[in-house]
Amino acid sequence: MSYTLFFVYLVFFCWLLTRIKFITTTGLGNKLIIILFLCRIIAGAVNGYINLYFYQQTDTLFFHLQGIAEYHLLFHDPRAYLSDLFQNNYQEGYSRIFDSTNSFWNDLRSNLIIKMLSIFNIASGSNYFINQIFYNFLIFIASAAFFKIFSVFFPAKKNTLIICVFLLPSFLYFTSGLHKDGLIFLGLGIVSFNVMQVLVKGTSLKRYMYIFAGLLIIFLMRNFVFLLLVPALIAWLMSERNKKPMQTFIITYFLFASLFFLSGFLNSKLNLLHYVSERQIEFMDLSKNSASAIHVNPLFPNFRSFLNNLPQAINHTFMRPYITETSNLLYLPASIEILAYQILLFLFLFFGNKNLIHQPFLYFTIFFSVSMFVLIGFTIPILGAIVRYRSVFLPLLITPIACSVNWTFLEKKKHIIK
């Protein structure tokens with residue numbers, strides 16, 4: 001019965017995607033839309049199978065089991081179902097908003113996913129693989145949103161855009177599983193598309209509501225992503241006015257970086273350096289039980305420590321896993337992928353049309369994604385977690401680079417060889 005229901009829902013959502021105006025106006029065509037959605041469903045099924053049957057005590061399995069428990073609670077005790085989301089047993093109350101442990105806000109991000117799955121379970125019969133169809137339907141819309149935005153700047157790069165926005169391997173794999181990653185990407189898609197619409201078509205209450213909803217999703221899922229998104233959005237909006245994106249982004253990020261390093265002096269309870277340092281410590285404790293733990297230098301809440309750790313942070317997120325780290329075969333796909341991106345960057349530097357990326361939105365995607373990569377490098381000492389966390393932001397970083405490469409140099413090289 002579950003197999004039949006799975007295919008019924010799969011066919012329905014494939015049909016639905018070809019009837020939603022927002023999707024059909026991408027210009028992808030119905031067949032390609034269905035193929036791209038099926039790629040996401042296959043990736044989600046592989047992700048789910050691995051997390052449910054090969055690993056023990058994964059977040060994905062926890063969310064699935066708790067979602068089933070909440071589903072039963074909904075019908076046995078609806079009052080408790082509605083109230084337990086706001087239950088707070090911590091002495092600090094609703095403070096500790098940036099803490100990763102003993103915090104209502106840290107628990108809330110998991111509880112929201114569990115509630116979402118409990119709603120899905122009503123229609124899916126608590127089947128994980130059917131739930132991921134519902135989930136990936138939402139995330140596919142976010143990819144379509146970014147495709148529509150990037151198409152404005154790279155109208156002649158359709159195939160490249162399809163690969164970068166829909167099919168980057170680690171992005172496709174990690175955002176297709178029932179976890180926070182896809183929801184963060186959904187929030188970014190909602191915010192980016194509707195900010196662009198406001199800039200192009202003017203202010204609209206509906207657009208502002210969408211932007212607020214997208215920001216809320218990001219804040220509730222990972223508040224540090226929200227914090228790094230703020231300067232990127234401000235610089236983007238300011239660049240649209242003064243038409244000097246590079247200068248605007250540099251000045252904006254310098255001011256926000258200064259505010260970050262001075263936050264402890266301005267308010268001891270809002271010492272952002274301390275929170276980042278504490279986050280690294282918590283991940284280091286987790287890494288003791290991880291097979292993919294890597295060495296990181298301790299990060300102390302001061303400017304000098306952050307500066308000293310910067311090269312290592314950049315190395316971890318932009319370079320690893322190395323192609324030589326293939327003693328564990330699980331690293332091999334990720335190492336090949338990151339090597340491909342490094343080669344792509346090399347091609348961009350030597351064969352790229354730099355003028356194509358002098359647009360405020362493209363500066364927004366690059367500055368924001370690079371800042372997220374650096375934060376990940378500062379705080380996470382687990383190679384597998386680094387690959388997963390950075391995957392969400394890969395389309396924002398890789399798309400403008402790949403679309404700016406002048407691929408005709410390959411044709412010229414073939415002509416010379418002949």
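This is a predicted model: local features need pLDDT of at least 70, side-chain atom pairs count only at pLDDT 80 or more; totals for chains, interfaces and linings use all residues.

Colleague: Okay. How many helices and strands are in the chain?

Modeller: The chain has 20 helices and zero strands.

Colleague: And what box do the C-alpha atoms fill?

Modeller: Roughly 70 × 55 × 55 Å, taken along the principal axes. The radius of gyration is 22 Å, and a compact globule with 418 residues would be near 22 Å, so the chain agrees with that.

Colleague: What share of the residues is buried?

Modeller: Buried residues make up 50% of the 418. On contacts, if you take those between residues at least 6 apart in sequence, 71% join residues at least 24 apart.

Colleague: Let's do the rings. How many aromatic pairs does a search of the whole structure find?

Modeller: The search finds 42 aromatic pairs. Take Y253 and F367: the ring centres are 5.2 Å apart with the planes at 50°, so this pair is tilted.

Colleague: Why tilted, and where do Y253 and F367 sit in the chain?

Modeller: Planes under 30 degrees apart would be stacked and over 60 edge-to-face, so 50° for Y253 and F367 comes out as tilted. Y253 is in helix α13 (residues 245–266) and F367 in helix α17 (residues 360–379), so to speak a link between distant parts of the chain, 114 residues apart.

Colleague: Are those two buried or exposed?

Modeller: Y253 is buried, at 17% relative accessible area, while F367 is partly exposed at 22%. The cut-off for buried is under 20%.

Colleague: Which residues form an aromatic cluster?

Modeller: There's one made of F146, F150, F153, F171, F185, W236, F361, F364, F368 and F393.

Colleague: What about charges over rings?

Modeller: I can give you two. The charged end of K115 sits over the ring of Y81, 3.7 Å from its centre. The charged end of K148 sits over the ring of F22, 4.2 Å from the ring centre.

Colleague: Now the core. Which residues touch the most other members of the largest nonpolar core?

Modeller: F37, L188, F361, F368 and F393, in a core of 111 residues. Helix α7 (residues 128–153) gives the most to this core, with 16 residues.

Colleague: Zoom in on F368. What does F368 touch?

Modeller: Leaving out residues up to four places away in sequence, F368 touches L188, V225, L228, L229, A232, Y253, F393 and L396. So to recap, Y253 turns up there as well as in the tilted pair.

Colleague: Switching topic: how far does helix α16 reach?

Modeller: Helix α16 (residues 332–351) has 20 residues and reaches 28 Å from first C-alpha to last, close to the 28 Å expected at 1.5 Å a residue.

Colleague: Which residues of α16 are buried?

Modeller: A334, S335, E337, I338, Y341, L344, L347 and F348. As background, an α-helix has 3.6 residues a turn, so residues three or four places apart point the same way.

Colleague: Last bit, the backbone. Where's the cis peptide bond?

Modeller: From R320 to P321, with omega near 5°. P321 is in the loop between α15 and α16.

Colleague: Which residues have a positive phi without being glycine?

Modeller: S126 is one, with a phi of about 65°, and K243 is another, at about 60°. S126 is in the loop between α6 and α7, and K243 is in the loop between α12 (223–242) and α13.

Colleague: Are S126 and K243 buried or exposed?

Modeller: S126 counts as buried at 17% relative accessibility, whereas K243 counts as exposed at 60%.

Definitions and conventions. Residues are numbered from 1 along each chain as its sequence is written. Side-chain values use heavy atoms; hydrogens and water are left out. Rings of Phe, Tyr and Trp (its six-membered ring) pair if their centres lie within 6.5 Å; planes under 30 degrees apart count as stacked, over 60 as edge-to-face and the rest as tilted. Helices (H or I, at least four residues) and strands (E, at least two) are DSSP runs, numbered from the N terminus. Buried means under 20% relative accessible area, exposed over 50%, partly exposed in between (1.4 Å probe, protein chains only). A charge sits over a ring if NZ of Lys or CZ of Arg is within 6 Å of the ring centre and within 35 degrees of the ring normal. A nonpolar core is a set of buried Ala, Val, Leu, Ile, Met, Phe, Trp, Tyr and Cys residues joined through side-chain atoms within 4.5 Å. Contact means heavy atoms within 4.5 Å. The expected span of a helix is 1.5 Å times one less than its number of residues. The radius of gyration is taken over C-alpha atoms; the globule rule is 2.2 Å times the number of residues to the power 0.38.
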